[in-house]
Amino acid sequence: MIDPFANDHQSMQIGELIIENQTDKIIIYGDIDLTLDATGYEQAQQLHELTSKILQAFENSSIYNNSQHKSKEKYDRLDKNIDNPFL
């Protein structure tokens with residue numbers, strides 16, 4: 001199980017659902033079929049535990065209101081010109 005928002009290197013998988021941890025966001029992609037059997041029950045429990053931990057992280061910290069914690073994508077600046085290394 002990941003420790004939500006604690007680092008940029010943890011990931012986990014539930015079914016075909018991929019969960020990636022970053023310090024400012026949790027990325028979830030893929031899909032999952034929760035079947036009405038023991039496997040589906042186990043996966044539902046994992047999802048419940050994960051979402052509970054994510055919600056607890058929000059409740060324990062106001063970091064999501066702080067603009068100092070930015071993902072790598074947010075550091076891109078459209079107003080900055082960069083020399084083309086291929087010319």
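Me: Why is Phe58 called partly exposed?

Reply: In this predicted model, Phe58 has a relative accessibility of 33%. Buried means under 20% and exposed means over 50%, with partly exposed in between. The value of 33% therefore makes Phe58 partly exposed.

Me: Why does Phe5 count as buried?

Reply: The relative accessibility of Phe5 is 17%. The cut-off for buried is under 20%, so Phe5 counts as buried.

Me: What makes the rings of Phe5 and Phe58 a pair, and why is the pair called edge-to-face?

Reply: One aromatic pair is counted in the model. The ring centres of Phe5 and Phe58 are 5.3 Å apart, and the planes stand at 75°. Rings pair if their centres lie within 6.5 Å, and planes over 60 degrees apart count as edge-to-face.

Me: What is noted about the phi of Phe5?

Reply: Phe5 is not a glycine, yet its phi is positive, at about 65°.

Me: Which elements does the protein have, and in what order do they run?

Reply: There are one helix and three strands. Starting from the N terminus, the order is β-β-β-α.

Me: Which residues of helix 1 are buried, and what covers them?

Reply: Gly40, Gln43, Leu50 and Ile54 are the buried residues of helix 1. Their cover includes strand 1, strand 2 and strand 3.

Me: Why is Leu55 called exposed?

Reply: Leu55 is also found in helix 1. Its relative accessible area is 52%, and exposed means over 50%, so Leu55 is exposed.

Me: Which residues make up the largest nonpolar core?

Reply: The nine residues are Ile2, Phe5, Met12, Ile14, Leu17, Ile19, Ile26, Leu50 and Ile54. Strand 1, strand 2 and helix 1 each supply at least two residues of this core. As a general rule, nonpolar side chains in soluble globular proteins tend to be buried together.

Me: Which residues are in contact with Ile14, leaving aside its neighbours within four places in sequence?

Reply: Ile14 is in contact with Ile19, Ile32, Gln43, Gln46 and Leu47.

Me: Why does Ile32 count as partly exposed?

Reply: Ile32 has a relative accessibility of 23%. Ile32 sits in the loop between strand 3 and helix 1. Not counting residues up to four places away in sequence, Ile32 touches Ile14, Gly15, Leu17, Gln43 and Leu47.

Me: What share of the protein is buried?

Reply: Of the 87 residues in the protein, 20% are buried.

Definitions and conventions: Residues are numbered from 1 along each chain as its sequence is written. This is a predicted model: local features need pLDDT of at least 70, side-chain atom pairs count only at pLDDT 80 or more; totals for chains, interfaces and linings use all residues. Side-chain values use heavy atoms; hydrogens and water are left out. A nonpolar core is a set of buried Ala, Val, Leu, Ile, Met, Phe, Trp, Tyr and Cys residues joined through side-chain atoms within 4.5 Å. Buried means under 20% relative accessible area, exposed over 50%, partly exposed in between (1.4 Å probe, protein chains only). Helices (H or I, at least four residues) and strands (E, at least two) are DSSP runs, numbered from the N terminus. Contact means heavy atoms within 4.5 Å. Rings of Phe, Tyr and Trp (its six-membered ring) pair if their centres lie within 6.5 Å; planes under 30 degrees apart count as stacked, over 60 as edge-to-face and the rest as tilted.
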